[in-house]
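Subject: Structure for you to look at

Hi,

Here is the structure I promised to pass on.

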Amino acid sequence: MPAKCIFKKFFYLGLLFCCAINLISAQENSFFKPSDTLNAKRTSSIYIGESVLLGTTLIGLNQLWYKGYPKSSFHFINDNSDWLQMDKLGHFYSTYHLGRFGAEMLEWSGASKKSQLLYGATLGFGFLTVVEVFDGFSQEWGASTGDMIANASGTGLFVMQELLWQEQRIIPKFSYHKTRYADLRPNTLGDGFSEEILKDYNGQTYWLSFNLYSFVKKDVIPKWLNLAFGYNGKGMIYGNNQDAFSNGFYQSPSRQFFLSLDVDLTKINSKSHFLKTIFSVFNTLKVPAPALQVGDFNGVKGHFIYF
């Protein structure tokens with residue numbers, strides 16, 4: 001994983017965190033539920049806050065990273081085969097949830113559904129598109145078509161569900177467990193848990209969590225119960241086998257697929273709008289639960305608890 005990707009991941013995580021805090025603070029400080037009509041003060045504060053946050057982030061990214069490398073004419077690279085596409089799933093996950101937070105903040109302000117989808121849900125796609133432009137003008141890297149497709153797909157999943165069902169029935173989620181691979185290349189895969197959770201793709205699992213009640217509408221099914229399908233790549237010290245071999249490593253990456261139960265925290269009944277916001281923030285994470293794993297080499301394997 002290039003160091004630049006790690007740097008960007010910290011920014012993505014920071015954006016998710018700041019958007020989450022914005023949501024929490026707005027509702028906690030006002031003690032009001034989302035406005036039924038457009039609240040100009042709330043809307044202005046959201047747009048100003050997002051502009052400052054995203055602008056500062058992009059300036060910082062340019063100054064701290066791109067400024068130290070030579071520029072080039074805009075160009076693309078093909079990195080679609082690297083890291084078993086785990087980095088693409090990270091883009092998909094990030095744009096979905098940044099867009100979801102953007103839309104929810106505008107919902108809190110009383111903005112129309114159209115505004116929520118046009119100006120809120122596209123928050124993640126817009127930000128990551130600018131980052132890809134930075135990449136494209138950097139001689140060291142290049143814009144990635146795979147990243148752009150993943151960015152558009154994450155935003156598209158959120159918008160499609162709002163248009164089709166007026167609710168989010170399928171939610172991308174994330175889980176992580178420590179692996180032995182980071183110790184083999186700590187500068188890239190992380191040194192310590194706080195770094196490894198962002199850097200070590202081997203321990204990351206991305207999920208699509210389906211809310212069962214939303215699809216079948218049967219009262220015997222709890223409204224919060226989800227069925228989750230997960231994907232993980234392991235055995236990766238470098239992004240691809242050629243780079244690993246060139247640096248004296250032999251690696252044999254494999255794909256892992258998972259089936260597990262999950263909880264949609266936003267479907268838990270609560271009269272507290274503050275608690276609803278907390279549930280929304282933490283609905284980005286997969287709940288630890290029993291899981292079945294199907295791998296390239298190990299066949300079917302059960303986990304009493306998997307995260």
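Lys217 counts as partly exposed because its relative accessibility is 46% (buried means under 20% relative accessible area, exposed over 50%, partly exposed in between, with a 1.4 Å probe and protein chains only). Lys217 sits in the loop between α9 (212–216) and β5 (225–234), and its phi is near 55°, a positive value in a residue other than glycine. Helices (H or I, at least four residues) and strands (E, at least two) are DSSP runs, numbered from the N terminus.

Before you go further: this is a predicted model, where local features need pLDDT of at least 70 and side-chain atom pairs count only at pLDDT 80 or more, while totals for chains, interfaces and linings use all residues. Residues are numbered from 1 along each chain as its sequence is written, and side-chain values use heavy atoms, with hydrogens and water left out.

Gln166 also has a positive phi, of about 60°, although it is not a glycine. You'll find Gln166 in the loop between α6 and β3. Gln166 is exposed, with a relative accessible area of 56%.

Now the overall picture. The protein chain has 11 helices and 8 strands, and 50% of its 307 residues count as buried. Of the contacts (heavy atoms within 4.5 Å) with a separation of 6 or more, 73% are between residues 24 or more positions apart.

The largest nonpolar core has 16 residues. By nonpolar core I mean a set of buried Ala, Val, Leu, Ile, Met, Phe, Trp, Tyr and Cys residues joined through side-chain atoms within 4.5 Å. Trp83, Met86, Phe174, Leu189, Tyr201, Tyr206 and Met236 have the most contacts inside this core. At least two of its residues come from each of α3 (86–108) and β3 (170–176). Another core, of 10 residues, lies apart from it and includes Leu58, Leu61, Leu98 and Leu123.

On to helix packing. α3 and helix α4 (residues 113–120) pack at an angle of about 145°, with their axes 8 Å apart; axes are lines fitted to C-alpha atoms, for helices over the stretch in contact, and angles run from 0 to 180 degrees between N-to-C directions. On the α3 side the contact is made by Leu98, Gly99, Gly102, Ala103, Leu106 and Glu107, and on the α4 side by Ser115, Gln116, Tyr119 and Gly120. Phe101 and Ala121 are 20 residues apart in sequence, and their C-alpha atoms are 7.6 Å apart in space.

I also checked two helix lengths (the expected span is 1.5 Å times one less than the number of residues). Helix α5 (residues 123–136) has 14 residues and should span 20 Å, which agrees with the 20 Å between its end C-alpha atoms. Among the buried residues of α5 are Leu123, Phe127, Leu128 and Val131. Helix α6 (residues 145–165), with 21 residues, should span 30 Å; its end C-alpha atoms are 29 Å apart, which agrees.

What do the buried residues of α6 pack against? They pack against α3, α4, α5, β2 (143–144), β3 and β4 (204–211). Those buried residues include Gly146, Ala150, Gly154, Leu157 and Phe158.

Cheers
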